[in-house]
Amino acid sequence: MSGSRQDGWTEDEDAYLADVVLKHIKEGSTQLKAFEEVGKGVTRTAAACGFRWNSFVRKQFKQEIEAAKKMRKEMKKTGSDDERAVVPDSDAAEPREAGEGKDLTLHEVIAYLAELAGILEEYSIDSYKELQKANELLKKHADVLAEEKKKLEEQYKWIESEYYGLLGVLEKARKFSAGK
């Protein structure tokens, strides 16, 4: 685990995340490796980087992702037969072209599935822990706000009573001066 932070993502961090993930897509590497690399750079967990990518950043870079995938395919086509072996990545939903899947070995499939299992486990554990921390912070913040609200209500009641007391004094002074 690279680090744990509770602050929001900056635009620079989002851009860095996008750059690194797109680079990994172009190179045929996994997104998990990209998330780990970014996590080290911005002192966040790989799971936090993956969550940010999937929930926010990816939506802003759809065209760039498609372009990176096309570049990866072109690089595979121009390489030799040995270099054309399919490199599994986190984009498993991407359809394969006819004949492209025959380059996979059983070892590669098993390694890919093990990597996916690791990703899912890391996401579920880290995400749950991060959500628990966020929940605790929000509860503490809510308690602080409730206490502040209570103090403000007490101050309001005191000011209101002073105000009505002052109005009473002014009314008595008005009646006294009118009766003279």
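**Notebook: a predicted helical model**

I began with confidence: the mean pLDDT of the protein is 80, and 79% of its residues reach 70 or more. pLDDT is the predictor's confidence in each residue, from 0 to 100. This is a predicted model, and I kept to its rules: local features need pLDDT of at least 70, side-chain atom pairs count only at pLDDT 80 or more, and totals for chains, interfaces and linings use all residues. Residues are numbered from 1 along each chain as its sequence is written, and side-chain values use heavy atoms, with hydrogens and water left out.

Contact here means heavy atoms within 4.5 Å. Where pLDDT is low, the predicted coordinates should not be read in detail.

**Overall make-up.** I found 5 helices and 0 strands, in the order α-α-α-α-α from the N terminus. Helices (H or I, at least four residues) and strands (E, at least two) are DSSP runs, numbered from the N terminus. Of the contacts between residues at least 6 apart in sequence, 62% join residues at least 24 apart.

**Surface and burial.** The protein exposes about 12800 Å², of which carbon and sulfur atoms supply 59%. Accessible areas come from the Shrake-Rupley method with a 1.4 Å probe; for residues, only the protein chains shown count as cover. Buried residues make up 26% of the 180 residues, where buried means under 20% relative accessible area, exposed over 50%, and partly exposed in between.

**D14.** I looked up D14 in helix α1 (residues 11-27). D14 counts as buried because its relative accessibility is 8%. Beyond residues up to four places away in sequence, D14 touches W9, R52, F56 and V57.

**V21.** Helix α1 also holds V21. With 0% relative accessibility, V21 counts as buried. Leaving aside neighbours within four places in sequence, I list Q31, A34, F35 and W53 as contacts of V21. V21 and F35 are 14 residues apart in sequence, and their C-alpha atoms are 7.3 Å apart.

**L167 and its patch.** L167 sits in helix α5 (residues 106-179) and, at 36% relative accessibility, counts as partly exposed. I find L167 in a nonpolar surface patch of about 540 Å², together with Y163, Y164, L166 and L170. Like charges are joined within 9 Å, nonpolar side chains (Val, Leu, Ile, Met, Phe, Trp, Tyr) within 5 Å.

Key:
Patches are made of residues with over 30% relative accessible area and no salt bridge: like charges are joined within 9 Å, nonpolar side chains (Val, Leu, Ile, Met, Phe, Trp, Tyr) within 5 Å. A salt bridge is a side-chain nitrogen of Lys or Arg within 4 Å of a carboxyl oxygen of Asp or Glu. Buried means under 20% relative accessible area, exposed over 50%, partly exposed in between (1.4 Å probe, protein chains only).
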